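Dear colleague,

Please find the structure below, handed over for your use. My notes on what was found in it follow directly after.

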Amino acid sequence: AAQGQRERQKHGRVPADWGQPYEEYRDCLDALIDAAAAPRSPSCDGQCGDGHLGGGGGGECTAGARSVAAFERCTHLRMERHTGFGGCTKAALKLTTTPYVLVIQHDRPLHRPFDPCRVLR
């Protein structure tokens, strides 16, 4: 990597020192998904996660709780071996039951907003 830039993963070769932080990241994803699936407080308006997440309580929605809600109905697939983006996407598509999916790579920025409903019309 050039001076001031972080080394990038290429073709499944990941530096050894990236392993532990990546596992922690994956564990955090699992925790967010589990929290989003947890029963909500009866006073929650459905737009937030469990009251104890993100502070609040009593149904008070906070930014942290709304972030947890974004993981509702999500599944985190842990692949047994490196399969690349295409292999991971194929495995995920086998589990889908919806007529449409939106696939966005985590490291590819969306440069302008769009209306996904309009795309489907």
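Asp30 counts as partly exposed, at 24% relative accessibility. Please note that the model is a predicted one.

**The salt-bridge network**

The whole structure contains five salt bridges. Arg78 and Asp30 meet through their side chains at 2.7 Å, N to O. Because Arg78 lies in the loop between α2 and α3 while Asp30 belongs to helix α1, this pair ties together parts that are 48 residues apart in sequence.

Arg78 also meets the side chain of Asp27 in a salt bridge, with an N to O distance of 2.8 Å. Asp27 is likewise in helix α1, so the pair it forms with Arg78 of the α2-α3 loop connects parts 51 residues apart in sequence.

With Glu23, the closest N and O atoms of the Arg78 salt bridge are 3.2 Å apart. Here too the loop between α2 and α3 is tied to helix α1, so that parts 55 residues apart in sequence are brought together.

As to accessibility, Arg78 is partly exposed at 31%, Glu23 is partly exposed at 32%, and Asp27 is partly exposed at 43%.

**Helix α1**

What does the length of this helix show? The 19 residues of α1 should span 27 Å at 1.5 Å a residue, and the C-alpha atoms at its ends are 27 Å apart, so the two values agree.

A search of the whole structure for aromatic pairs returns one. Its rings belong to Tyr22 and Tyr25, with centres 6.1 Å apart and planes at 25 degrees; since planes under 30 degrees apart count as stacked, the pair is stacked. Both tyrosines lie in helix α1 (residues 19-37), three residues apart, which is about one turn of the helix. In general, an α-helix has 3.6 residues a turn, so residues three or four places apart point the same way. Tyr22 is partly exposed at 46% relative accessibility, and Tyr25 is partly exposed at 45%.

**Overall arrangement**

The protein has four helices and zero strands, following the pattern α-α-α-α along the sequence. Of its 121 residues, 15% count as buried.

**Loops and surface**

Arg73 sits in the loop between α2 (63-69) and α3. Its phi is near 60 degrees, a positive value in a residue other than glycine, and Arg73 is exposed, with a relative accessible area of 84%.

Leu102, Ile104, Leu110, Phe114 and Val119 make a nonpolar surface patch of about 500 Å².

**Cysteines**

How many disulfides does a search of the whole structure find? The search finds zero. Cys74 is partly exposed, with a relative accessible area of 32%, and Cys88 is partly exposed at 34%.

With kind regards

How values were computed. Residues numbered from 1 in each chain as written. Predicted model: local features only at pLDDT ≥ 70, side-chain atom pairs only at ≥ 80, totals over all residues. Heavy atoms only, no water. Phe/Tyr/Trp six-rings, centres within 6.5 Å; stacked < 30°, edge-to-face > 60°. Helix = DSSP H or I, 4+ residues; strand = E, 2+ residues; numbered from the N terminus. Buried < 20%, exposed > 50% of the residue type's maximum accessible area, 1.4 Å probe, protein only. Patch = residues over 30% accessible without salt bridge, like charges linked within 9 Å, V, L, I, M, F, W, Y side chains within 5 Å. Areas by Shrake-Rupley, 256 points an atom, 1.4 Å probe, with all protein chains shown as cover. Salt bridge = Lys/Arg side-chain N within 4 Å of Asp/Glu carboxyl O. Expected span 1.5 Å × (residues − 1). Disulfide = S-S within 2.5 Å.
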